[in-house]
Amino acid sequence: MRILLDTHLYLRYLADSPNLTAEIREEIEEADEVFVSAVSIWEAAIKIGLGKLDAQISDIVLGIKASGFLELPVRARDASMFASLPPIHKDPFDRMLVAQAISGPFRLLTADAIIAKYSDVVQLVI
């Protein structure tokens with residue numbers, strides 16, 4: 001299975017957060033491939049700049065390879081898919097992750113129930 005992590009789950013994984021259950025951690029670690037989108041790095045960089053996230057962007061970027069994950073660039077077909085999504089979720093970063101998951105295809109793991117309303121490729125994890 002190919003998994004795409006949403007930004008929050010990726011940051012929780014890097015921080016070895018207790019909010020990431022053993023079952024979800026196991027699902028991530030047993031996946032064939034795990035991706036982190038450039039969109040998540042962009043979102044984290046903005047949050048760091050606004051003082052909403054206490055982290056170093058270089059650590060977040062380096063964490064992709066260190067975790068054995070793969071970087072997912074934003075492609076033209078992702079942007080095209082984004083344009084076709086209804087505005088169920090107001091956050092453009094989350095909508096782009098949904099677009100990437102659909103066009104990938106990937107299983108998008110998220111703790112955001114609103115994102116889960118988009119497609120069956122989205123897996124809500126709590």
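The expected span of a helix is 1.5 Å times one less than its number of residues. Keep that handy for the first view of this predicted model.

**View 1. Helix α6, end to end.** Residues 92-103 make up α6, a run of 12 residues. From first C-alpha to last, α6 reaches 16 Å, close to the 16 Å expected at 1.5 Å a residue.

View 2. Of the 12 residues in α6, 10 are buried, so the helix is largely enclosed by the rest of the structure. The buried set includes F93, M96, L97 and V98, along with D94, R95 and Q100.

**View 3. The largest nonpolar core.** This core holds 18 residues, and L5, Y10, I28, V34, F69 and L109 touch the most other members. Helix α1 gives the most, with three. Zoom in on Y10 and, leaving out residues up to four places away in sequence, you'll find it touching L5, V36, I41, I60, G63, I64 and F69. There's also a second, separate core of 17 residues, with F35, V39, A99 and A101 among them.

**View 4. E71 out on strand β3.** E71 sits in β3, residues 70-72. E71 is exposed, at a relative accessible area of 55%. Setting aside neighbours within four places in sequence, E71 still contacts F35, V36 and I64. S40 is 31 residues away along the chain, yet its C-alpha and that of E71 are separated by 10 Å.

Conventions
Residues numbered from 1 in each chain as written. Predicted model: local features only at pLDDT ≥ 70, side-chain atom pairs only at ≥ 80, totals over all residues. Heavy atoms only, no water. Core = buried A, V, L, I, M, F, W, Y, C linked by side-chain atoms within 4.5 Å. Buried < 20%, exposed > 50% of the residue type's maximum accessible area, 1.4 Å probe, protein only. Helix = DSSP H or I, 4+ residues; strand = E, 2+ residues; numbered from the N terminus. Contact = heavy atoms within 4.5 Å.
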